[in-house]
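Please open the model in your viewer and keep the selection tool handy.

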Amino acid sequence: MNPSFSRLPEPGADERAHSDRLLTHLRETIAAHGPMPFSQYMERCLYAPGLGYYSAGATKFGESGDFITAPELGDLFARCVARTLGPVLDMLGDQADFLELGSGSGAFAEAVLLALDAEGQAPRRYLILEPSADLRERQRTRLAQALAPALFARVQWLDRPPEDAWQGVLFANEVIDALPTTRFTLRGGEVYEEYVALDGEGRLMRVDRPADMLVSGAVRHLERDLDAAFPDGYRSEVLPQLPYWMQAIAGSLSAGVMLFIDYGYVRREYYQPDRNDGTLMAHYRHHAHADPLYLPGLNDLTASVDFTALAEAGNQAGFGVAAYLPQAHFLIGAGLQQAFEDAYATAPDEAARYRLAQQVKKLTLPDQMGERFQAMVLARGLDMVPLPADLLESDQGDRL
C-alpha cells in the first residue's frame, strides 16, 4: 500500500473485489476508447450501474458509512428548512409540491415531512429524484415505517426531473459537490483538461490534454470574471455543464424557490492563487484523502461548489438569488434556537439533550459545518419571497 494511505482503513475482501470489478470496467473502457476526461471517470466511479459508489449497496451515510450529512445528525436541520420553505408552500396553495434531489438515507424527508405536516403545510406531493435503486428502496422502507399512511401516500420517486410545469420548492443538500467535475490546468497560457489514462502496467494515471472549446471557454469566463489570468501550473475544477444541469432540473419549476446547501465558496475565494490544486477530495469511511484513483467505487468523490457559478446558472434558467449566506447564519435565521428549545424541552433524558447540543455545534461552529457550508435560495415566479426576516438580515448575496 502507498504510505500516504497507511492511515486509511483496510478494505475487506468483498469491498476490494467490488473495486476491482469497477477497475476492470474502467480499464476496458480506456483501452477501447482512449483516456477519459476526469469528469467521465468521476461519473463512472459514483454512478456506474451496480458498480458506482452511489449505485452499489454499501452504507454511505451515518456513523457506519463514509460521511455524515447534516440531516443525519438529527431533526434540527430539517425543522429549520421546513420553517424556511413552509411559508412558500403555504403561499402557493394546495397545488404546491416539494422536490428533493437525492434523499440519501431518507432522514431529511422523514423529518421535514413531519415538521411541515405539524404546521399544516404538507405539500401536495413530496417528490424524490433518486438515481440509486438501492437508496430508493432504503428510503421507501424508512418512510413507510415512520410516516402515517396518508402522509406517506404523498411521497413519489422520480426517474427524471418533472417535465410538466409545476409549482413549489426544490431542495438539494450536498448534491452539487457530487456532480462530475472537470479538472483543468494551464500550460503556456493554454487551457488543458485532466484525463484518466493507463500507464504501461495497466494502472490508472492522470494526464493532461488540450481542452475543447466548452472547457476552454468556461475557464476563460472565470479569468474574465476574476480579472486575472490563471498562472501556468494552476489546477482546479469547473462545471461547464452546470447551466444545462440547472435547466434540466429546474426548467419546469414555474413558480417557487430552490434551496441549495453545500460546501463551497464564492468564486474569488474558490480560485485563490494558493489553492492551486483545486478542491477535489475523496472520502472513505470518515477519512478524507486526495487521490481519486485509489479504490475506485469505494470512495465518495467531491469538489467544493463555486456559488457564483450556481447563481449564474440559476440566473440563466430564469431564477433570481433571494438569499446567500453561511449555513450557521441560515439556520439561526431560520429559527434554530426555537427548534432546539422545543426539542430540548421534550427530550426524554440527559443523553438526548446532550445529542441535541452536539447537533447545534456541528451544524453551526465555524470549524464544523457552520462556515464551510453555504446556503443559496433561488426564486422565480413569485411576487414576493416569504423568507424569515432574520434570515434575510444575514444575506450576503453582495459577496457573489
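Start by selecting Val 257: at 0% relative accessibility it counts as buried, because the cut-off for that label is under 20%. Keep in mind as you look around that this is a predicted model. Val 257 sits in strand S10, which covers residues 253-265.

Now show what touches Val 257. Beyond its neighbours within four places in sequence, it is in contact with Leu 85, Val 88, Gly 168, Val 169, Leu 170, Val 377, Leu 378, Ala 379, Leu 382 and Val 385.

Next, select helix H2 and colour its buried residues: Phe 38, Ser 39, Tyr 41, Met 42, Cys 45 and Leu 46. They span an arc of only 160° around the axis, so they lie on the same side of H2. What do the buried residues of H2 pack against? Bring up helix H1 (13-33) and strands S1 (36-37), S6 (182-187), S7 (190-198), S8 (204-210) and S13 (300-302) to see these partners.

Last stop: the largest pocket, with about 750 Å³ of space. To find its centre, select Tyr 47, Gly 102, Pro 131, Val 175 and Ala 178, which lie nearest to it among the 33 lining residues. Helix H2 returns here, supplying at least two residues of the lining, as do H3 (70-73), S2 (97-101), S5 (166-173) and H9 (242-250).

Terms used: Residues are numbered from 1 along each chain as its sequence is written. This is a predicted model: local features need pLDDT of at least 70, side-chain atom pairs count only at pLDDT 80 or more; totals for chains, interfaces and linings use all residues. Side-chain values use heavy atoms; hydrogens and water are left out. On a 1 Å grid over the protein atoms alone, a cavity is a set of points where a 1.4 Å probe fits but cannot get out, and a pocket is an open set with protein on both sides within 12 Å along at least five of seven lines; lining residues have an atom within 4 Å of a point. Grid points are joined across faces, edges and corners, and a volume is the space filled by probe spheres set on the points. Helices (H or I, at least four residues) and strands (E, at least two) are DSSP runs, numbered from the N terminus. Buried means under 20% relative accessible area, exposed over 50%, partly exposed in between (1.4 Å probe, protein chains only). Contact means heavy atoms within 4.5 Å. The arc is that of the directions from the helix axis to the C-beta atoms.
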